[in-house]
Amino acid sequence: ASREGMSVMATLTRSIIIDAPVEEVFDYALDIRNLWAIPDVGLADVTLTPDGVGSQARLFTHFLGFHMSMGLEYLEVVRPEKIVAKVTSFSPDRPMWTFTFEPAGSGTKLTVLGEWHIDVPAVGKPMEDMMAGSHKDFVQTMLTNVKAGAEKAVAA
């Protein structure tokens, strides 16, 4: 059996309903500066592409007392349904983030899925679970901020 076939990862999924049309929420989130506008996370070297694929930035934050610098890039964009972003860093914390946008009545259901795969024998799985668990507040804040920002943009 191949090692890849037995690969297990930790995941974190959260959703929120936003009182704005799917296209509007998608356009708002397509801008890295809006989607990743989170307290204690700084953005630098932001590059935005017209269709979203290749949009990137440097993220700066603190985790367990350590200053961390990470790369963020939008790898896949399917308008107005999905954005896939990859975080790269020197730490084992290199999650893949998938954001999906679907109609919910007159609004939008935004779902975020974070996936951690840490390929370190013996400690990889516990580290993946810890990373997924430690991002719960982060993801909730991200969703709440996108909801507030997109609803405000639509109301303007």
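Visitor: What share of the 156 residues of the protein chain counts as buried?

Guide: Start with the rule. Buried means under 20% relative accessible area, exposed means over 50%, and partly exposed is in between, using a 1.4 Å probe and protein chains only. Here 40% of the 156 residues count as buried. Keep in mind that this is a predicted model: local features need pLDDT of at least 70, side-chain atom pairs count only at pLDDT 80 or more, and totals for chains, interfaces and linings use all residues. Residues are numbered from 1 along each chain as its sequence is written, and side-chain values use heavy atoms, with hydrogens and water left out.

Visitor: How many helices and strands does the protein chain have?

Guide: Both are DSSP runs, numbered from the N terminus: helices are H or I with at least four residues, strands are E with at least two. This chain has four helices and seven strands. Read from the N terminus, the order is β-α-α-β-β-β-β-β-β-α-α.

Visitor: How does the radius of gyration of the protein chain sit against the globule rule?

Guide: The radius is taken over C-alpha atoms, and the globule rule is 2.2 Å times the number of residues to the power 0.38. The chain has a radius of gyration of 16 Å, close to the 15 Å from the rule for 156 residues, so it is as compact as a globular protein of that length. Along the principal axes, its C-alpha atoms fill a box of roughly 50 × 35 × 25 Å.

Visitor: What part of the contacts in the protein chain with a separation of 6 or more comes from residues 24 or more positions apart?

Guide: A contact means heavy atoms within 4.5 Å. Residues 24 or more positions apart account for 50% of those contacts. Take valine 139, in helix H4. Leaving out residues up to four places away in sequence, valine 139 touches Leu12, Arg14, Trp97 and Val112. Valine 139 has a relative accessible area of 0%, so it is buried.

Visitor: Now the rings. How many aromatic pairs are there?

Guide: Rings of Phe, Tyr and Trp (its six-membered ring) pair if their centres lie within 6.5 Å; planes under 30 degrees apart are stacked, over 60 edge-to-face, and the rest tilted. By this rule there are six aromatic pairs. In one of them, the rings of tryptophan 36 and tryptophan 97 have centres 6.2 Å apart and planes at 80°, so the pair is edge-to-face.

Visitor: Which residues do ring pairs link into a cluster?

Guide: The cluster holds Trp36, Trp97, Phe99, Trp116 and Phe138.

Visitor: Which residues lie nearest the centre of the largest pocket?

Guide: On a 1 Å grid over the protein atoms alone, a cavity is a set of points where a 1.4 Å probe fits but cannot get out; a pocket is an open set with protein on both sides within 12 Å along at least five of seven lines, and lining residues have an atom within 4 Å of a point. The largest pocket is lined by 20 residues, with Val41, Thr61, His62, His135 and Phe138 nearest its centre. Strand E3 (56–63), strand E4 (66–78) and helix H4 (136–155) are the elements giving two or more residues to the lining. E3 gives the most, four residues.
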